[in-house]
Amino acid sequence: QMNGLAAQGKWRSELEKQFMSKHRTAAVNAQEDDEDSRFNREIAGAFMDWGYAWSDECWARISDYVRLMKQAAESLNSELFIVLFPVRQQVESKILRDEPQQNFKRIMEEMGVKHLDLLPALREKFQNDAFTIYYDHCHLKPEGNRFVGTEVAEFLAKQAAFKE
C-alpha cells in the first residue's frame with residue numbers, strides 16, 4: 001500500500017503524462033520550438049508545482065474548495081472574494097496562455113463568487129515597462145507587492161461602492 005505522498009506523486013505524474021499527450025509537446029519533441037510548444041514544456045516541467053493548474057482535475061478540486069468557502073462565508077453572513085494570481089511565465093510570455101484563468105472565471109461565475117484575475121493587469125504592466133516584478137515563478141519583489149496590493153484594493157473598493 002502506497003503512502004499518501006507516493007500516491008499523490010503517481011497521480012500527478014499520470015496527469016502530467018495526460019497533459020503532454022494532449023498537447024503533443026513532450027520534451028523528446030524538442031524540434032518544435034514555437035512559443036506554444038516551449039510554454040507547454042514549461043507547464044510539464046513544473047507540473048508538480050504551478051503546471052497542475054492546466055489540468056481538469058485541478059479545477060474540479062478547486063471547484064469543491066470554492067463551494068466550501070462560499071458555504072462558510074454565507075454561514076458567517078460574509079462575502080467571499082477570490083483573487084487569482086498568475087505565475088511569472090504567464091505574465092512575461094509573448095503568447096497568452098490563460099487556460100487556468102478561463103476555468104477560474106467559469107467556476108466563479110457559475111457559483112456567483114466575486115473574483116479578480118490579476119493576469120490582464122500584470123501582463124499589461126510587463127508589456128508597458130518590461131520590468132519583472134517577480135523573484136521567481138510566484139514570489140513578488142516589493143514593486144510587485146505594491147502593484148498587486150493596489151489592484152486588489154481598487155477591486156475591493158469598487159465592490160464596496162456597489163453596495164452603497
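How do the residues of the lining of the largest pocket divide into nonpolar, polar and charged? They divide into 10 nonpolar, two polar and one charged. Here Ala, Val, Leu, Ile, Met, Phe, Trp, Tyr, Cys and Pro count as nonpolar, Asp, Glu, Lys and Arg as charged, and the others, Gly among them, as polar. This is a predicted model, in which local features need pLDDT of at least 70 and side-chain atom pairs count only at pLDDT 80 or more, while totals for chains, interfaces and linings use all residues. Residues are numbered from 1 along each chain as its sequence is written, and side-chain values use heavy atoms, with hydrogens and water left out.

**Largest pocket**

- The largest pocket holds about 180 Å³ of space; a pocket is an open set of points on a 1 Å grid over the protein atoms alone, where a 1.4 Å probe fits, with protein on both sides within 12 Å along at least five of seven lines.
- Its lining has 13 residues, and Trp50, Ala53, Leu84, Phe85 and Val87 are the closest to its centre; lining residues have an atom within 4 Å of a point.
- Two or more lining residues come from each of β1 (81-84) and α5 (99-111); helices (H or I, at least four residues) and strands (E, at least two) are DSSP runs, numbered from the N terminus.
- Grid points are joined across faces, edges and corners, and the volume is the space filled by probe spheres set on the points.

**Salt bridges**

- The structure holds 10 salt bridges, each defined as a side-chain nitrogen of Lys or Arg within 4 Å of a carboxyl oxygen of Asp or Glu.
- Glutamate 57 and arginine 61 form one of them, at 3.0 Å from N to O; they are four residues apart in helix α3 (residues 56-75), so about one helical turn separates them.
- Glutamate 57 has 29% relative accessibility and arginine 61 has 35%, and each counts as partly exposed (buried means under 20% relative accessible area, exposed over 50%, partly exposed in between, with a 1.4 Å probe and protein chains only).
- Arginine 88 bridges to glutamate 92, with the closest N and O atoms 3.1 Å apart; both lie in helix α4 (residues 88-92), four residues apart.
- Arginine 88 is partly exposed at 24% relative accessibility, and glutamate 92 is partly exposed with a relative accessible area of 24%.
- A network of salt bridges links Asp36, Arg97 and Glu99.

**Helix α6**

- Helix α6 spans residues 119-129, and Leu119, Ala121, Leu122, Arg123 and Lys125 are buried in it.
- Lysine 125 and aspartate 129 meet in a salt bridge of 2.6 Å, N to O, and lie about one turn of the helix apart.
- Aspartate 129 is partly exposed, at 36% relative accessibility.
- Arginine 123 is buried yet has no salt bridge, and the nearest side chain of opposite charge, aspartate 98, is 7.9 Å away; Lys and Arg count as positive and Asp and Glu as negative, with His and the chain ends not counted.
- Not counting residues up to four places away in sequence, arginine 123 touches Gln90, Val91, Ser93, Lys94, Ile95 and Leu96 (contact means heavy atoms within 4.5 Å).

- Phenylalanine 131 lies in the loop between α6 and α7 (142-163) and counts as partly exposed at 40% relative accessibility.
- Leaving aside neighbours within four places in sequence, phenylalanine 131 contacts Phe126 and Glu143.
- The C-alpha atoms of phenylalanine 131 and glutamate 92 are separated by 9.4 Å, the two being 39 residues apart along the chain.
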